[in-house]
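Dear colleague,

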2 protein chains.
Amino acid sequence: MKDKQFLMIPGPTPVPETVLLAMARQPIGHRSKEFSAALREVFENLKWVFGTKQEVFIFSASGTGAMEAAIYNLVNPGDKVLSLAMGVFGERWAKIAEMRGAIVERITVPAGYAINPEVLKEKLAQDKNKEIKFVTLTHNETSTGVTNPLKELIEIIKEHGALSVVDAITSVGAMPLKTDEWGVDVVVSGSQKGFMIPPGLAFLTCSEKAWKVHENCKNPSFYFNLAAHKKNALQDTTPYTAAVNLILGLQESLKMMKEEGLENIYARHAKISGGLRAAVKAMGLKPLVEDDAIASKAITSILAPQNITVADIRKGLKDDFDIVVADGQGELKGKIFRIGNLGFVSERDMIGTVGALELTLNKLGFGNELGKGTGALLKSFS
Amino acid sequence: MKDKQFLMIPGPTPVPETVLLAMARQPIGHRSKEFSAALREVFENLKWVFGTKQEVFIFSASGTGAMEAAIYNLVNPGDKVLSLAMGVFGERWAKIAEMRGAIVERITVPAGYAINPEVLKEKLAQDKNKEIKFVTLTHNETSTGVTNPLKELIEIIKEHGALSVVDAITSVGAMPLKTDEWGVDVVVSGSQKGFMIPPGLAFLTCSEKAWKVHENCKNPSFYFNLAAHKKNALQDTTPYTAAVNLILGLQESLKMMKEEGLENIYARHAKISGGLRAAVKAMGLKPLVEDDAIASKAITSILAPQNITVADIRKGLKDDFDIVVADGQGELKGKIFRIGNLGFVSERDMIGTVGALELTLNKLGFGNELGKGTGALLKSFS
């Protein structure tokens, strides 16, 4: 049905009407007083979402741009980086660090697993000369739907003394991340996720300790330059032309987030994803992530049942119900499908999605009893 | 008056309603068939605007991002770059090249002047060993309102054999630039200018000759990676999450540009800026750029008259008429004000602006006879 499409993917995510309308205004000058006032409010509210007193910088870029900004502004060629990878996006940190000329070591885990704190502890304990300067990791791995025990991992990294550099692109504004309280050094995120606005903005914040490292880094980038961003942020502006309309949209979405409250937002994500996991199991499907404790509260990966293809499931949901879910990425393509409940997603949306999934699988010959999935979902919600 | 503000600055520029409404749609998946179809159309129409058969790559970034992308993907540390600078943005090329470790030589001219082809010819003739590998230059210098004789300069660079790397951020879609026909090697531009959409996208195209140089360049960037962009563009996609809503807006604005026709667009810009120059002179004001031949068709810099400040002129235009004009940049701050007629600007808009300027200056005690400016403008338009 025209205009009925609904995104249940891990980004871009649905955008509230208030935000869409704010973005549809005529642009204002990026050096105007009005825009500085908007930026000031946005900067303050970003600090609140990230749980930090430090500046949160805004780049006109996708999330990958902020990852590159983090590496460029901290890592010098020859520096030793430990990359903890549990999927495509964890591996991306390693690739960017390698392009920067860092010496990269990896701890990897199979798809569906989190980083084991004990393994990290042991690895860092072996680094007696403190050669490892940075540990890159992913809070919520979008390609698998696994959430790392971030607080615990950060504790271990802090004890060692390396800087923690965290991709929180699909976790900020969806699940708890307390940057200052936990002592995370660098956090990056993106706009088209928990922030409920379209893609095009990326965020980065860093601790005082990280800032000192930055000051000794020969950053090769003019565009992704934290010093220029900090100088400008303190004057409520940006070094280069900001993506004005996206930021005016963000101003509205942050207001909505403040109104709902962070704890309520986290609870909503947990409730909806928990309901989906219950429904998936009740329908006889298997989630990729077996362990509830590390299952993402925003992205649920489901293994395609035997003899039914991911392509057919996605096509059925889209053609018959205007619901878009994601395929797997990399090696998981065609093996899993991923349902997101990231950002502006309600219980009602998930009830519709689970019902549609039941009908789609039934039509494809899965033999599932209709109502089992939605029943489990409703019980979980009640 | 609420919602009445009109931007007469060199970007962001006014956005057509059709484009605003396209941007206010729910995002679609960046890996969906629908988005690939939109991208395919956008890529084709970008080639048409740039006058090239090569790919035009789209970055989620401001124009400076595309400048950085050009340097990173071509220049190795130690390479010799000649930077032709006639203002803030020409100098930006030199700064980025220096950050990349290039050996940068400059030809600079005072504010309000263009690069003299004879000076360039002589400089390149001295380079007998062909050590200069790149010449960076600005087509239209936004900080002064000067347009370089680009075709002539490109001829000279081609004869020498260096690659020409052109910032055309405020010229593409506003004044003639025929990338392939003139043999320009690298052209970058930005969305919030002639393209009539808000800031957040940047564009880059490069010749086959430049592509060969790129292949021998050790590009340090994961985000600004032309090889990844080319591979993806050929499959109607982008390497990282595209700024979906901005691109859907661009799809509409490019359709509008095709409907108007490039030659008509160029003529409209020339007519409106020509009228403004006539009005400025008739009012007893002085344009910064004396020579009509190099005066920009999209940005007109006007010297503040004695005893009247740029701040007061800008305040008067904004408070009384909801018209935003720009201050000078860098050393020209407070000395000039700049009126843009870039993108979605009509004769009617300029008539209103000139009338408002007459009233504002009169109120500030300039002693101008009301109607002289608009009279000259209307005669120029008739």
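In chain A of this predicted model, the loop between β1 (6–7) and α1 (17–23) contains A:P12, and the peptide bond that leads from A:G11 into A:P12 is cis, with an omega near -5°. Chain B has a cis peptide bond as well, joining B:G11 and B:P12, where omega is about -5°; B:P12 is found in the loop between β1 (6–7) and α1 (17–23) of chain B.

A:D3, which is not a glycine, has a positive phi near 65°, and its place is in the segment before β1 of chain A. Is A:D3 buried or exposed? Its relative accessible area is 74%, and because exposed means over 50%, A:D3 counts as exposed.

The other residue is B:M196, for which phi is positive at about 65° although B:M196 is not a glycine. You will find B:M196 in chain B, in the loop that runs between β9 (186–190) and β10 (201–206). With a relative accessible area of 5%, B:M196 is classed as buried, because that term applies to values under 20%. Taken together, A:D3 is exposed, whereas B:M196 is buried, and both the segment before β1 of chain A and the β9 to β10 loop of chain B can be inspected with that in mind.

Conventions
Residues numbered from 1 in each chain as written. Chains lettered and ligands numbered in written order. Predicted model: local features only at pLDDT ≥ 70, side-chain atom pairs only at ≥ 80, totals over all residues. Heavy atoms only, no water. Helix = DSSP H or I, 4+ residues; strand = E, 2+ residues; numbered from the N terminus. Buried < 20%, exposed > 50% of the residue type's maximum accessible area, 1.4 Å probe, protein only.
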